[in-house]
Amino acid sequence: NGLAGDVSVIIKELVSLSSSLEGLRLSINALSSTIPTEIGQLSNLQSLYLNNNNLVGTIPTSPENLSKLTTFSVGNNGMDGTIPSGIFHPTLRNLDLDDI
């Protein structure tokens with residue numbers, strides 16, 4: 001895609017525009033920064049692909065609010081830290097945490 005910039009700005013804008021978003025695929029870009037806590041406000045989100053970017057920091061605890069999430073992909077970034085146990089909902093089917 002060739003997208004570059006701060007992923008937190010993109011996600012915060014999406015939160016302000018649409019709470020009914022079901023899928024977000026921003027993988028294989030040059031996005032940077034951290035995953036903002038506002039991601040947890042996308043309550044209808046079922047799939048989140050942020051893999052293969054330049055994200056740093058830890059996974060926020062706010063994805064535990066995403067009770068419809070089936071896919072969570074954040075592998076192949078520069079992230080570190082622990083994985084919040086709250087993201088392991090019964091609906092979660094696909095989890096990509098490569099290189100975390």
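1. The buried residues of helix α1 pack against β1, β2 (23–25), β3 and β5. They are Val 7, Ser 8, Ile 11 and Val 15. Seen down the axis of α1, these residues fall within an arc of 95°, so they line one face of the helix. The arc is that of the directions from the helix axis to the C-beta atoms. Exposed residues Val 9, Ser 16 and Leu 17 sit on the face of α1 turned away from the buried side. Buried means under 20% relative accessible area, exposed over 50%, and partly exposed in between (1.4 Å probe, protein chains only).

2. A word on the basis. This is a predicted model; local features need pLDDT of at least 70, side-chain atom pairs count only at pLDDT 80 or more, and totals for chains, interfaces and linings use all residues. Residues are numbered from 1 along each chain as its sequence is written, and side-chain values use heavy atoms, with hydrogens and water left out. Helices (H or I, at least four residues) and strands (E, at least two) are DSSP runs, numbered from the N terminus.

3. The sheet is open and has four strands, in the order β1-β3-β5-β7, with parallel pairing. β1 (4–6) and β7 stand at the edges with a single partner strand each, so one side of each lacks a neighbour in the sheet. Two strands pair if DSSP finds at least two bridges between them. Strand β5 (residues 54–57) and β7 run parallel and are joined by two bridges. Val 56 stands opposite Gly 78 in β7.

4. Next, the core. The largest nonpolar core has 22 residues, of which Leu 45, Leu 48, Leu 50, Phe 72 and Val 74 touch the most other members. Helix α1 (residues 7–17) gives the largest share of this core, three residues. A nonpolar core is a set of buried Ala, Val, Leu, Ile, Met, Phe, Trp, Tyr and Cys residues joined through side-chain atoms within 4.5 Å. Beyond four places in sequence, Phe 72 touches residues including Leu 48, Ile 59, Pro 63, Ile 87 and Leu 92. Contact means heavy atoms within 4.5 Å.

5. Which residues does Asn 94 touch, not counting those up to four places away in sequence? They are Thr 70, Thr 71 and Phe 72. Asn 94 lies in strand β8. It counts as partly exposed because its relative accessibility is 42%. Its side chain makes a polar contact of 3.1 Å with the side chain of Thr 71. A polar contact is a pair of N or O atoms within 3.5 Å; within protein, one must be able to donate a hydrogen and the other to accept it, and residues adjacent in sequence count only if both atoms are side-chain atoms. Asn 94 and Thr 70 are 24 residues apart in sequence and 6.2 Å apart in space, C-alpha to C-alpha.

6. Is His 89 buried or exposed? His 89 is buried, at a relative accessible area of 17%. This residue is in the loop between β7 (78–79) and β8 (94–96). The His 89 side chain reaches the backbone oxygen of Glu 64 at 2.8 Å. Leaving aside neighbours within four places in sequence, His 89 contacts Pro 63, Glu 64, Asn 65, Leu 66 and Ser 67.

7. Asn 44 is in the loop between β3 (30–33) and β4 (47–49). Asn 44 counts as partly exposed, at 22% relative accessibility. A polar contact of 2.7 Å joins its side chain to that of Lys 68. Contacts of Asn 44 beyond four places in sequence also include Ser 19, Ser 20, Leu 21 and Glu 22.
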